[in-house]
Amino acid sequence: MNTTDYTTAIDLGTHSIKILITEHGQKNQKSRILHALEIPSEGIRAGHIINSDKAAQCVKNAYEKITREYKKPIPDVVLALGGIELASHNSKTGIAIERKDREIQEVHMDEVAEKAQNLFEEKYPNKKILHAIPLKYIVDSKDMLGSPKGRFGEKLELKILFVTIPENHYEAYM
């Protein structure tokens, strides 16, 4: 059975919006460009949306134009934004397990993650967290493989990765 995948990519640039539709065949086949489009952009400067209404209208115009020209459904789109200033930050924090039997429960995992997020937001008030990804749990100074739920210990620590964007950029993109 011949399976073909398609990718539609939109690049928002300062001077133009580009849309590219490619076809990916089976293994060892080269990708093929099916359609390309470039139109002038407005409301974007140095990779930042400075006027969301103008930028949105340009994207809408570009999408409508490529839909008319390509004449086939475009189900999924990959959006590329340069200069967005995405960043990642590692954080580590811990809590004491205050249950009499010292069993770690889901509530403790939520509590340590919330504490890490609160500490991060206090330190970086102008950053918006897009994703919080737990990297590793540590129980009584011992690394855990997987979830610590159901384990016993006095201290639960969490190493977590935060993916962030500056608050003012978040507002413009959402």
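A salt bridge here is a side-chain nitrogen of Lys or Arg within 4 Å of a carboxyl oxygen of Asp or Glu. With that in hand, let us take a friendly walk through the structure. The model is predicted, so local features need pLDDT of at least 70 and side-chain atom pairs count only at pLDDT 80 or more, while totals for chains, interfaces and linings use all residues. Residues are numbered from 1 along each chain as its sequence is written, and side-chain values use heavy atoms, with hydrogens and water left out.

**The overall layout**

The protein chain holds 3 helices and 10 strands. Helices (H or I, at least four residues) and strands (E, at least two) are DSSP runs, numbered from the N terminus. Along the sequence they follow the pattern β-β-β-β-β-α-β-β-α-β-β-β-α. Of the 174 residues, 33% count as buried. Buried means under 20% relative accessible area, exposed over 50%, and partly exposed in between (1.4 Å probe, protein chains only).

**The strands at the start**

Two strands pair if DSSP finds at least two bridges between them. Strand β1 (residues 5-12) and strand β2 (residues 16-24) run antiparallel and are joined by 8 bridges. With 3 residues between them, β1 and β2 form a hairpin. Strand β2 also pairs with strand β3 (residues 32-40), in the antiparallel sense and over 8 bridges; there, Leu20 stands opposite Ala36 of β3.

Asp11 has Lys18 in β2 as its bridge partner, and Asp11 also forms a salt bridge with Lys18. Asp11 is partly exposed at 30% relative accessible area, and Lys18 is partly exposed at 35%.

**The four-stranded sheet**

Further along, an open sheet of 4 strands has the order β7-β10-β8-β9, with antiparallel pairing. Its edge strands are β7 (87-96) and β9 (142-143), each of which pairs on one side only. Strand β8 (residues 127-139) and strand β10 (residues 155-166) are paired over 11 bridges. Among the bridge partners are Pro134 with Ile160 and Tyr137 with Leu158.

Strands β8 and β9 are joined by 2 bridges, and they form a hairpin with 2 residues between them, where Asp140 in the turn has a positive phi of about 50°. The loop between β9 and β10 contains Gly150. The C-alpha atoms of Gly150 and Ile104 are separated by 5.4 Å, although these residues are 46 apart along the chain.

**Charges**

Side chains of opposite charge can pair when their charged atoms come close. The count comes to 8 salt bridges, including these:

| Salt bridge | Closest N to O distance |
|---|---|
| Asp11 and Lys18 | 3.9 Å |
| Lys65 and Glu69 | 4.0 Å |

Because Lys65 and Glu69 are 4 residues apart in helix α1 (residues 52-70), they are separated by about one helical turn. Lys155 is partly exposed at 40% relative accessible area, whereas Glu157 counts as buried at 12%. Lys92, Lys155 and Glu157 are linked in a network of salt bridges.

Glu98, Asp110, Glu111 and Glu114 gather in a patch of negative charge on the surface. Such a patch is made of residues with over 30% relative accessible area and no salt bridge, with like charges joined within 9 Å. Glu114 is found in helix α2 (residues 106-123) and is exposed at 51% relative accessible area.

Definitions and conventions: Patch = residues over 30% accessible without salt bridge, like charges linked within 9 Å, V, L, I, M, F, W, Y side chains within 5 Å. Areas by Shrake-Rupley, 256 points an atom, 1.4 Å probe, with all protein chains shown as cover. Lys, Arg positive; Asp, Glu negative; His and termini not counted. Charge placed at Lys NZ, Arg CZ, Asp CG, Glu CD.
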